[in-house]
Amino acid sequence: MAKNLSSVTFTVLLLVLLMVSTEILKIEAMNIKARCLPQGCKNATFSEECGPDPFTGSNNDCCHCCVAKYGREAVCKGVVEGPDKHCHCYKDRV
């Protein structure tokens with residue numbers, strides 16, 4: 001009985017280590033598709049552009065690009081706009 005229990009424990013431990021080492025359990029904000037800056041802007045004004053041209057991602061991807069490049073304090077939203085699909089970063093007008 002003890003031999004079987006130790007064998008099962010070893011197998012479970014091995015599976016857990018395998019899952020952790022291959023990052024199967026890793027949860028990232030981008031995988032969850034969490035909304036970037038859900039509060040948005042009260043009085044938005046264009047600030048900068050971000051990412052490749054044309055930007056192939058969603059508005060949420062654009063927002064994450066803006067926050068990564070310019071910081072959460074400098075950005076209130078990111079939107080893919082125009083026929084050329086540019087990622088535009090906006091800040092609150094003061």
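Which residue does a disulfide join to Cys-66?

1. In this predicted model, a disulfide joins Cys-66 to Cys-89, with an S to S distance of 1.9 Å. The torsion about the S-S bond is -85°, and the link is left-handed. Cys-66 belongs to helix α3 and Cys-89 to strand β3, distant parts of the chain that lie 23 residues apart. Cys-66 is buried, with a relative accessible area of 0%, and Cys-89 is likewise buried at 0%.

2. Helix α3 and strand β3 also hold Cys-62 and Cys-87 respectively, so this pair ties together parts that are 25 residues apart in sequence. The sulfur atoms of Cys-62 and Cys-87 are 2.0 Å apart, the link is right-handed with 90° about the S-S bond, and both residues are buried.

3. Another disulfide joins Cys-36 to Cys-63, S to S 2.2 Å; Cys-36 sits in the loop between α2 (29-32) and β1, while Cys-63 is in helix α3, 27 residues away. The torsion about the S-S bond of Cys-36 and Cys-63 is about -65°, so this disulfide is left-handed.

4. Over the whole structure, five disulfides are found, and, with bonded cysteines counted along the chain, they follow the pattern 1-5, 2-8, 3-6, 4-9, 7-10.

5. The sheet is open, with three strands in the order β1-β3-β2 and antiparallel pairing. Because β1 (44-50) and β2 (77-81) stand at the edges with a single partner strand each, one side of each is left without a neighbour in the sheet. Helix α3 (residues 59-70) packs on this sheet and touches β1, β2 and β3, its direction making about 130° with that of β2.

6. Strands β1 and β3 (residues 86-92) pair over six bridges in the antiparallel sense, and Thr-45 has Lys-91 in β3 as its bridge partner.

Definitions and conventions:
Residues numbered from 1 in each chain as written. Predicted model: local features only at pLDDT ≥ 70, side-chain atom pairs only at ≥ 80, totals over all residues. Heavy atoms only, no water. Pairing = 2+ DSSP bridges. Helix = DSSP H or I, 4+ residues; strand = E, 2+ residues; numbered from the N terminus. Contact = heavy atoms within 4.5 Å. Axes fitted to C-alpha atoms, helices over the stretch in contact; angles between N-to-C directions. Disulfide = S-S within 2.5 Å. Buried < 20%, exposed > 50% of the residue type's maximum accessible area, 1.4 Å probe, protein only.
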